[in-house]
Amino acid sequence: MPKKVDHEERRRHLAEAVLRIAGRDGLGQAKLRDVAAEAGVSLGTVQHYFASKDEMLRYVVGYLGEAVAQRIMTGMAEPAGGRPAGSFLLSMAVAVLPLDDRRRAERRAGQAFAGLAAGVPELNEDLRRGDRWLRGRIAELIEQGTRDGELRDGLDPAHEAVVLIALIDGLASGLLTGVREPSQALDAVRYHLDRLARPV
């Protein structure tokens with residue numbers, strides 16, 4: 001009896017190969033033939049799942065977004081007794097800052113996708129969707145923190161979400177280039193979140 005192939009698992013396997021190439025060599029090296037070699041499969045196998053590089057990259061953007069979202073939600077999972085909003089926001093930052101090899105590869109790939117998206121409307125919309133989701137989660141946490149008396153009154157949750165993402169993006173670039181140390185990046189996030197807190 002022939003072995004049953006999990007097609008979605010095969011696509012995820014190819015997506016991981018793309019992310020490794022993009023993180024190590026840049027997205028320009030993620031041609032179908034290179035992805036096949038990285039994944040240890042034939043070129044025909046890659047072409048069976050993705051008719052073109054653009055189709056493959058669009059899938060990878062979605063896959064990457066889901067993986068990062070899952071890590072964010074796992075890191076922000078609420079234990080018994082609850083957690084303050086600031087702790088959730090710090091967990092979110094830790095989940096996306098490039099503090100290890102995996103997150104560095106994801107960030108490099110994400111930057112490469114952002115550059116490519118300017119000429120691919122469908123890819124650009126996928127990236128915008130991910131940004132809207134993240135901004136929405138951050139704004140909800142800021143609203144919760146204000147209601148609970150943890151964060152200052154008068155904060156604009158939507159605006160603060162954009163500011164926090166911009167801070168994280170800037171710190172991430174510094175981490176990738178070696179300009180920032182991980183401890184500096186985390187201290188900067190904590191400093192920013194402390195400034196949002198209600199004075200004691």
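1. Basis. The model is predicted, with local features requiring pLDDT of at least 70 and side-chain atom pairs counted only at pLDDT 80 or more, while totals for chains, interfaces and linings use all residues. Residues are numbered from 1 along each chain as its sequence is written, and side-chain values use heavy atoms, without hydrogens and water.

2. Overall fold. The protein chain has 9 helices and 0 strands, where helices (H or I, at least four residues) and strands (E, at least two) are DSSP runs numbered from the N terminus. The C-alpha trace spans about 65 × 40 × 30 Å along its principal axes. Of the contacts (heavy atoms within 4.5 Å) with a separation of 6 or more, 64% are between residues 24 or more positions apart.

3. Surface and burial. The accessible surface of the protein chain is about 11,000 Å², with 52% belonging to carbon and sulfur atoms; areas come from the Shrake-Rupley method with a 1.4 Å probe, and for residues only the protein chains shown count as cover. Buried residues are 38% of the 200 in the chain (buried is under 20% relative accessible area, exposed over 50%, partly exposed in between).

4. Largest pocket. Its space is about 960 Å³, a volume being the space filled by probe spheres set on grid points joined across faces, edges and corners. A pocket here is an open set of points on a 1 Å grid over the protein atoms alone, where a 1.4 Å probe fits, with protein on both sides within 12 Å along at least five of seven lines; lining residues have an atom within 4 Å of a point.

5. Pocket lining. The lining has 28 residues, and Gly65, Leu127, Gly130, Asp131 and Leu134 lie nearest the centre. Helix 4 (53–75) is among the helices that each supply at least two lining residues, and its 9 residues are the largest share. By class, the lining holds 14 nonpolar, 5 polar and 9 charged residues; Gly counts as polar, and Asp, Glu, Lys and Arg count as charged.

6. Helix 5. This helix is largely enclosed by the rest of the structure, because 9 of its 12 residues are buried. Among them are Phe88, Leu89 and Met92.

7. Arg104. This residue lies in helix 6 and is partly exposed at 24% relative accessibility. Leaving aside neighbours within four places in sequence, Arg104 contacts Pro98, Leu99 and Leu176. Arg104 and Gly23 are 81 residues apart in sequence, but 6.9 Å apart C-alpha to C-alpha.

Technical notes: Buried means under 20% relative accessible area, exposed over 50%, partly exposed in between (1.4 Å probe, protein chains only).
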